[in-house]
4 protein chains.
Amino acid sequence: MTKGVKIVTIGGGSSYTPELMEGFIRRYDELPIREIWLVDIEAGKEKLEIVGEMAQRMWDASPYDVKVRLTIDRREALKDADFVTTQFRVGQLNARVKDERIPLSYGMIGQETNGAGGIFKALRTIPVILSIVEDMKELCPDAWLVNFANPSGMVTDAIIRYGKWEKVIGLCNVPVMAMMEEPKLIGKTTDELVYSFAGINHFHWHRVQDLEGNDVTSQIIDKLYEEENGTPANIFDVAYFKEQLKQMNLIPCGYHRYYYRYDEMLNHMLEEYNDPNIGTRAQQVKQTEAELFELYKDPNLHDKPEQLTKRGGAYYSDAACETIASIYANKNTQIVVSTKNNGAVPDLAPDDVVEVSAYIGAAGARPIAFGSFEPAEKGWLQLMKSMELCVEKAAVTGDYGVLLQAFIINPLIPSGETAKRVLDELLLAHKEYLPQFAEKIEELETAEVIIKDEIARNLN
Amino acid sequence: MTKGVKIVTIGGGSSYTPELMEGFIRRYDELPIREIWLVDIEAGKEKLEIVGEMAQRMWDASPYDVKVRLTIDRREALKDADFVTTQFRVGQLNARVKDERIPLSYGMIGQETNGAGGIFKALRTIPVILSIVEDMKELCPDAWLVNFANPSGMVTDAIIRYGKWEKVIGLCNVPVMAMMEEPKLIGKTTDELVYSFAGINHFHWHRVQDLEGNDVTSQIIDKLYEEENGTPANIFDVAYFKEQLKQMNLIPCGYHRYYYRYDEMLNHMLEEYNDPNIGTRAQQVKQTEAELFELYKDPNLHDKPEQLTKRGGAYYSDAACETIASIYANKNTQIVVSTKNNGAVPDLAPDDVVEVSAYIGAAGARPIAFGSFEPAEKGWLQLMKSMELCVEKAAVTGDYGVLLQAFIINPLIPSGETAKRVLDELLLAHKEYLPQFAEKIEELETAEVIIKDEIARNLN
Amino acid sequence: MTKGVKIVTIGGGSSYTPELMEGFIRRYDELPIREIWLVDIEAGKEKLEIVGEMAQRMWDASPYDVKVRLTIDRREALKDADFVTTQFRVGQLNARVKDERIPLSYGMIGQETNGAGGIFKALRTIPVILSIVEDMKELCPDAWLVNFANPSGMVTDAIIRYGKWEKVIGLCNVPVMAMMEEPKLIGKTTDELVYSFAGINHFHWHRVQDLEGNDVTSQIIDKLYEEENGTPANIFDVAYFKEQLKQMNLIPCGYHRYYYRYDEMLNHMLEEYNDPNIGTRAQQVKQTEAELFELYKDPNLHDKPEQLTKRGGAYYSDAACETIASIYANKNTQIVVSTKNNGAVPDLAPDDVVEVSAYIGAAGARPIAFGSFEPAEKGWLQLMKSMELCVEKAAVTGDYGVLLQAFIINPLIPSGETAKRVLDELLLAHKEYLPQFAEKIEELETAEVIIKDEIARNLN
Amino acid sequence: MTKGVKIVTIGGGSSYTPELMEGFIRRYDELPIREIWLVDIEAGKEKLEIVGEMAQRMWDASPYDVKVRLTIDRREALKDADFVTTQFRVGQLNARVKDERIPLSYGMIGQETNGAGGIFKALRTIPVILSIVEDMKELCPDAWLVNFANPSGMVTDAIIRYGKWEKVIGLCNVPVMAMMEEPKLIGKTTDELVYSFAGINHFHWHRVQDLEGNDVTSQIIDKLYEEENGTPANIFDVAYFKEQLKQMNLIPCGYHRYYYRYDEMLNHMLEEYNDPNIGTRAQQVKQTEAELFELYKDPNLHDKPEQLTKRGGAYYSDAACETIASIYANKNTQIVVSTKNNGAVPDLAPDDVVEVSAYIGAAGARPIAFGSFEPAEKGWLQLMKSMELCVEKAAVTGDYGVLLQAFIINPLIPSGETAKRVLDELLLAHKEYLPQFAEKIEELETAEVIIKDEIARNLN
């Protein structure tokens, strides 16, 4: 890295890219970048060019001489990379719309990370990330992979488990937001508290201590029931049961709402789904994205626009930039990341990927050992990790049975004939991105007429 | 035991007692009983007398001189007992009716073992069984406790974990039935197959080998989809997904239907619930029981009547008699029981109670080590054990928060406001049997008017 | 197996073979053997013929028509075998003499199972057994492998771990002898007690209960200090510390003497080593064997001679015959065997081979879950298993570093320069049987002159 | 802590105290101390006064106004303490002389931390530390306990396990020294490397990475065999086997010499023991200490004297001061400490105390998850932890059997009659500090005449 750092961003045409640029510009002193390669696929070429030009304008407006390169040749970009970030979306937002709407059309949560939709996102993403890893082994074997392609936990786990690539860190913005909002509730700043997170992506809990070492988790929980709290923009804000939180003396992440308040979350999603003026989250994002790209086209714009913050993934890119800078400069910053467990969460296997508070430095993520959970949290966590393992196996092998097992075990999917139908419809809908299931999909297509009949019969 | 074995049956007034007697009579040669004490409570005195006289008639018609004693003084009965069996039902069938109907009135499965109903059955039963254990420590410290009070797994676990009583074996008839029916599917007898069960009560799987040591599980699964299979009388017979069973290469127990085919089971239960001519399982059982007691009154009846077999718990008592005889005569019979894990199911803690194939002899149950499960089964099992642990803790401490956690984690209870309402209503409905929750129930009663209003508002 | 069972015994020229025949003859009714193939290597041809003729005479004197076939073509013999037993000794007794004498020449225990000698026995045996397994996969893929080649634990573990062959059971006569001798101490028969063994080969403990389910381990321990106890013929009889046994409330196997009474065992072995009239165990056995073969030559002998019992491995073959008969006839006999843990010993990994009480039947060995050990036993066991794993890895890879680790961790080998010298000398001494270490041995040979100088310098 | 920090040092009369003062003076800006209480016992009063006056002189020569208070009233001192450090030595150096010399008189290593001597040090120290913890619960329940009384690992483990006191950190200077010396070997500074330690006190390993994230452990190992390496002053410098280190790809701590090079260490210790001009380590330290106290008496000395560095525990106090400052100022410094595992070392139980790299801040020590070890290291570690657990239990209960188990399992003590004799002699020698063993000691005294006879007989 003597001549400066080479960064490669796969899925570079994303609307997040300007946020990433802003993060890099802000950290240039500790992370002297030489060049940034934005990679996308043929179908995303137009967006790549819009956002690429915007990115170059941002650097040009900065004091630093950094070249932004745009390409659809992934291998060209990866050659000798120092850091590779992945933020691509197989099938783009249209696929996510299907992930959400098909389950909802059967009255089922189709959420993009842990629900039926998330499962399919994993099925589409894991084979692609594994092929990227194969390229990296050849073209940049010493590079770090910083993943924020969702579902970030399963994707990171598959990279290590099936890709046998250890230099990877998975990121998520959910913990960042909690650590920014919660301290205010008890009149503190983030620096005045010690946060300990443990669990898996979108399914973790944290406890908080003050600078005297006292546990203040309970105090924060009390305040959560007095004041407004900071849930991520993409999670509907229904309160947890206070008795539950006091019993666990831990604060769940926003995504626990789907599990702890299933009914309300489902109803809310169905409402949005049924309201043509709102639509599912993916549809809302699609609208926002379209607006963002309009803004990016403005040749005079060289700052990240305000609207991006509302996008839902705020701080995502910031976490990525900070992670990269921490590795590069051995900063030992404390960040919550997806990384190999190594025992940090003793209720899961040492080889599982977990999401935990970790110190990030030259050696990558060094997870802080959290200790065992009490039964309820432990049971949830072990169930969810099992679900993830089934999904990963299905993604790699194309085994329909194990995919069905993932659907049945997933607490957001009421098991039964309808669940199986949703699964089959999603397979058909995402056909072009699921080559590993080609045989099963063909079989389903052959039976389609019959299925459609049955659906009709059952739904009437 | 030189003068013959003393057996004490708590809940002796149960309609099952004649089956128990039949089992003991059949095994008298290897289990020389001196006297049998049937114990019940004041409220069950009438039934106790009917069934007690029937029991004595059965012995009198046998070649053996055994005295059946009836009492409502538990401590008198327990003195110097060799074996204590527990088959009592706190709150009797009426309580079970509430366990089932209250959840169903909110569209929720109120099943008596793993569902909301089962949770409340555990809350009522565990404190009573722990007080029996305290009496046993004093009055018959060397006796074996053979439990078939449901939910048998949680009750047995609580006896060891909280009662610190190790000489206990928990029983269930579900595995017996599987082993009687399945072999026929592949043209074999039970003796021609080797069965390995593992899991927890009403949540276990098994694999089967033939006498050449070949796994024939897959072969049985195939046959299950060709022919009629033997589900317990109290489980509605909806088929599992064949792809799922083939993937796991294990056969689930009948109760897995609630988890693997949630929708269909719920719909079926709601249908029965809504049909005044059918009613829930408890209501059906109540009807059967009334008929049975009419039969028992007949002074000329001294044989177990045919109708008892349809009762749903067939072979329950037979398993109990065989267990007792196996301990007494060190028979090393293979029986599936609830017992301390000791590693047999490595995915759970060595101290957890599990339900596994075991050899029963003088040393009690010696569980056969089954080995680790694959992810899906492992995740389910760990979740369910966590749920059990929350329920047991709630039963012992009266902690509302941990009870709420049990409800939320239970896959048969969709979480949210309605779940909490069902929980509160069940607390109120079972008030007299839940002294450990007295304070919370009082608080709920105070708020009752408001609650009722809310319920009305929400349901309309 | 319609036409009767085919048994193949590798190392058929062993002096044990007649005991094996006796066991089969006694069990013919439940184990209808068609033919027995005795396999040996070219160098063992003469012994094979002597013992083979003796074996045939034994069958001819029985009421059964069984053909004993002799061959040095292993593959011919394995074709369609039902059971394969392995009792061969790579390098024969001469190799064992070296295993014992080289360590002792440096003042170190050179014992044939857990000590330096046992490590080298494993290095020689494991590659051969793995090649047998490869043949079996091809020629008799449904056969059971019953191993009593020592060190039986490591060999069995390697068969499963590296050979990926699950149908194997490892045997040892040590538990048999304990169960035959101990009951007498408290005036009982074996049938009147329940034995639970757990640990690894030559390193297990057991507890004992009577038919009332009471633990009588402590009672037996007390008696051990009053009367003579039954240690195997090949273990010098020094008493354990009573305080230690009372603390653990378990009875160790005879081989624990090497670990619990290191000093005394070492001194005893050195005494025998230095006494030209006694010699090490291998030398004693060699003498006994020579005598046995003289007897076997007698064309009129068709019974197992008395002298065989003194051989040291008494009951070994009986255990093997009983195991085979139990599998064949699904007898569910309780035998202590080396088999895959599956959780039976929760302090070791589910995939480790352990030696435990098990029920043997058509499905092979079904280990009884023993539960966790207390710290001292747990620590010993985990250490010894780690030692085994290092040895197995060395045997398979020829990695000198991991072999050195095994030596250093082995509690019978005081670590340091001398230990390393013993290791190197053993490598040189067994050169022809350790092709996996060819490179290292060559290196050592080159340096031999220097080494010899150093040895001379150090020993003076 | 508004008025400044109150520090209490138990064993304040130690020769280390000036180093501690120096460390506090250097850190005054981040750790504003109000007062320091040096506590000792009646017998140590003279030393306390000498070192206490020296300590006050050091502060008086600094720019800070800190009062050093001397007392033999522990409870007076503990009142409202913020930090308590423990560096006392029950029985002082004379006891350590016995710890070392008695075993050596029987040809056995009597080392003060893991050997027979260390076991007895633990037996003397644990009851005292537990009584301190009881005082703290009453007098300063929010204080942190920073222990460097040896054996630091067992003492810290006992504080949490038996004292139920979680706010404790155990320290040791061994890792500090490795991190100061090793980097030089490869031309780096400590800041240019990432160190990961895991294991237990005086029995840990570490791996090292550079700032590119590459593992450089192997490179350091190579250099260790080329150049001088930095072993602690109190460990004789015999090299490890290079093949072993390369195989593990970890660097052991200096104390592993006792286990990996037993022979050489024993010989070296026997040489020193037998040389009247050298003596055991304790005797050497005693000499050094006497010289130090002479220096401390000089009323003009107000700086830590040079000679203290040679004392053997260099950097010990510095680690303590840095730990306290890191907690107080939430510095998140990386220090290797003894702390509750919480999964950081998955091969041990989550509740065991381990010694690992940790980040120290307001929440105490947050251990970095290290992951599983390979078999050899894993086995050693599990064995040693088991040994520790036996010792702790013996210290708390006075159970002779479990103490004997600790001796037998300890790899530095060849088991047998002699080991038991050493144990008994040590019990007698330390009689006044081992009230928990009063009964056993009395029994031994009664038998003493007989014992002496036996010893004579056996040694001749």
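Reader: Which strand does β8 of chain C pair with over 2 bridges?
Author: Strand β8, residues 203-210 of chain C, pairs with β9(C), and the sense of that pairing is antiparallel. Please keep in mind that this is a predicted model.

Reader: Which residue stands opposite C:Trp205?
Author: The residue opposite C:Trp205 is C:Pro252, which belongs to β9(C).

Reader: What is the order of the strands in that sheet of chain C?
Author: The order is β7-β8-β9 in chain C, an open sheet of 3 strands with antiparallel pairing. Its edge strands are β7 (193-200) and β9 (251-252) of chain C, each of which pairs on one side only.

Reader: What holds paired strands together in general?
Author: Strands of a sheet pair through backbone hydrogen bonds, and the pairing is either parallel or antiparallel.

Reader: What lies in the loop between β7 and β8 of chain C?
Author: C:His202 is located in that loop. Its phi is near 60 degrees, a positive value, and the residue is not a glycine.

Reader: Is C:His202 buried or exposed?
Author: C:His202 counts as buried, because it has 25 C-beta neighbours inside 10 Å. The cut-off for a buried residue is 20 or more.

Reader: Which residue of chain B has a positive phi of about 60 degrees?
Author: B:Asp80 does, although it is not a glycine. This residue sits in the loop between α3 (74-78) and β4 (83-86) of chain B.

Reader: And is B:Asp80 buried or exposed?
Author: B:Asp80 is exposed, because 12 other C-beta atoms lie within 10 Å. A residue counts as exposed at 12 or fewer.

Reader: What about D:Asn150 and D:Pro151?
Author: Those two residues are also joined by a cis peptide bond, with omega about -10 degrees. D:Pro151 is in the loop between β5 (144-147) and α6 (152-161) of chain D.

Reader: Changing topic: what rotation superposes chain B on chain A?
Author: A rotation of 180 degrees does so, with 0.0 Å of shift along its axis and an RMSD of 0.0 Å. That is the relation of a two-fold axis.

Reader: Which residue of chain B comes closest to the rotation axis?
Author: B:Leu383 comes closest among the residues of chain B, with its C-alpha at 2.9 Å from the axis.

Reader: How many residues of chain B are in contact with chain A?
Author: There are 38 residues of chain B in contact with 38 residues of chain A. Several helices of chain B each supply at least two residues to this side, including α9 (242-248), α11 (262-274) and α16 (417-429). The largest share, 12 residues, comes from α14(B). By type, the residues on this side of chain B are 18 nonpolar, 10 polar and 10 charged.

Reader: Why can one say that these copies meet through the same surface?
Author: One can say so because 100% of the interface residues of chain B are also interface residues in chain A.

Reader: How many helices and strands has chain A?
Author: Chain A has 18 helices and 12 strands. Of its 460 residues, 57% count as buried.

Reader: Why does the radius of gyration of chain A agree with a compact globule?
Author: A compact globule of 460 residues would have a radius of gyration near 23 Å, and chain A has 22 Å, so the two agree.

Reader: Lastly, what scores does the model have?
Author: The model scores ipTM 0.93 and pTM 0.94. Chain A averages a pLDDT of 92, and 94% of the residues score at least 70.

Technical notes:
Residues numbered from 1 in each chain as written. Chains lettered and ligands numbered in written order. Predicted model: local features only at pLDDT ≥ 70, side-chain atom pairs only at ≥ 80, totals over all residues. Least-squares fit on C-alpha atoms with pLDDT ≥ 70 in both. Contact = placed C-beta atoms within 7 Å. Helix = DSSP H or I, 4+ residues; strand = E, 2+ residues; numbered from the N terminus. Nonpolar A, V, L, I, M, F, W, Y, C, P; charged D, E, K, R; others polar. pLDDT = per-residue confidence, 0-100. Rg over C-alpha atoms; globule rule 2.2 N^0.38 Å. Pairing = 2+ DSSP bridges.
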